Amino acid sequence: MAKQVVSPRVRGFVCITAHPEGCAAHVREQIAYVKSRPAMKNGPKNVLVIGSSTGYGLASRISAAFGAGANTFGVYFERPSANGKPASAGWYNTAAFEAEAKKAGLYAASANGDAFSAEMKAQVIERLKKEMPQIDLVVYSLAAPRRTDPATGEVYKSVLKPVGAPYSSKNLDTDKKVVNEVTLEPATEDEIKATVKVMGGEDWKLWIEALDAAGLLAEGCQSVAYSYIGPSVTWPIYKDGSIGQAKKDLYAKAEEIDALLKIKRGRAFVSVNKAVVTQASSAIPVVPLYISVLFKVMKAKGLHEDCIEQIQRLFETQMYNDGCLNFDDQGLVRIDDWEMREDVQKEVFEIWPKVSTENLLELTDFVGYQQGFLKLFGFGLPGVDYAAETELEVPIG
């Protein structure tokens, strides 16, 4: 076994270390929030989460298990501890979640590998047939930078670029705490197609079709994937950028999946969630600065939510408890409604042009952004002794 003191080592938008006890404390914190809410009526009972180890996927698994007593199976691609180096945060999150679920008498199992591959789909399906009743909720929350097409073997890599023309905007260098200008060149047609392949809805549909063919989808099964739209300042890099083209494909595939599930009196939809600090959002230019301003405004108004509060609200007020889905005119479910409130956005964009390196800490909640970022990797949690050596090798299951 390998014990050592683990400290955060941040490179760009990634922390290359994770703290096992801190990640476990973060998971327990989210579980405690869900348990503080009323138990869900008519909640899910057998849940598959594809992309289950961090962010909205992990929050979905926690809400289903501890809010509705659901059996859960998670699919993720994470790194175990090796050669005296910590495992990835998602590995420690999963180990902690499954330990807590089993303590509570809940079934919790998972598979680690490439969710895009036909082999992983087959492996998961075989296990589900043996270990779990028919699934009544499939959550698709995969965020990956590349995908190997299971049919052709071709590798596609996603890009975060504008479409059609270069884009310049105010930006935050989170490493240096400097507000600067960033200019991004537009994506090529091949880059756009590759981003759609990686981040669009094709793989979600392949999962649903494979599960359906195996007879694993229950009558009334629901499936949800997550997206983001945000305000106009982020649109050139997000909604109208290469990732936005992928999201259009996701929305189109949601309609196709919905048609398939309607045969079983079920439904599929995309939930548009609020801006939160995740490993994925930290990589998108412009977004960390926007999030830092947004957090200041929403916290002042008592409206701030993280992943777990968002997903719990989606489950509690719209998907279950006899709730109704809140669709917009594009057929998307909006759980970003508090972020996009007129008074919130008005204040954000009164602050936006004034932010500089000199007044960053005064006008934004960059401190809160940093704290949220480090929590993703298990740092800054109360009750954890970060000066003490900790065991790096933590088993899952």
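**View 1. Buried residues of helix H3 in a predicted model.** The buried residues are Ala 89, Gly 90, Trp 91, Tyr 92, Asn 93, Thr 94, Ala 95, Ala 96, Phe 97, Glu 98, Glu 100 and Ala 101. H3 is mostly covered, with 12 of its 15 residues buried. The cover over these buried residues includes helix H1 (20–36), H2, strand S5 (71–76) and strand S6 (108–112).

**View 2. Length of H3 and the residue just after it.** H3 has 15 residues, so at 1.5 Å a residue it should span 21 Å. Its end C-alpha atoms are 21 Å apart, which agrees. Just after the helix, Gly 105 takes a positive phi of about 80°.

**View 3. Packing of H2 against H3.** Helix H2 covers residues 55–68 and helix H3 residues 89–103. They pack at an angle of about 5°, and their axes lie 11 Å apart. Angles under 35 degrees count as roughly parallel, so H2 is roughly parallel to H3.

**View 4. Residues in the H2–H3 contact.** H2 contributes Leu 58, Arg 61, Ile 62, Ala 65 and Phe 66. On H3 they meet Asn 93, Thr 94, Phe 97, Glu 98, Glu 100 and Ala 101. By class, the contact has 6 nonpolar, 2 polar and 3 charged residues.

**View 5. The annotated stretch, residues 5–81.** An unreviewed UniProt entry places the feature "domain: Trans-2-enoyl-CoA reductase-like NAD(P)H binding" here. Over residues 5–81 the chain is 40% helix and 19% strand. The end C-alpha atoms of this stretch are 14 Å apart.

Terms used. Residues numbered from 1 in each chain as written. Predicted model: local features only at pLDDT ≥ 70, side-chain atom pairs only at ≥ 80, totals over all residues. Heavy atoms only, no water. Axes fitted to C-alpha atoms, helices over the stretch in contact; angles between N-to-C directions. Helix = DSSP H or I, 4+ residues; strand = E, 2+ residues; numbered from the N terminus. Parallel < 35°, antiparallel > 145°, perpendicular 65-115°, else oblique. Contact = heavy atoms within 4.5 Å. Nonpolar A, V, L, I, M, F, W, Y, C, P; charged D, E, K, R; others polar. UniProt positions renumbered as here; feature names shortened; annotations may be inferred. Expected span 1.5 Å × (residues − 1). Buried < 20%, exposed > 50% of the residue type's maximum accessible area, 1.4 Å probe, protein only.
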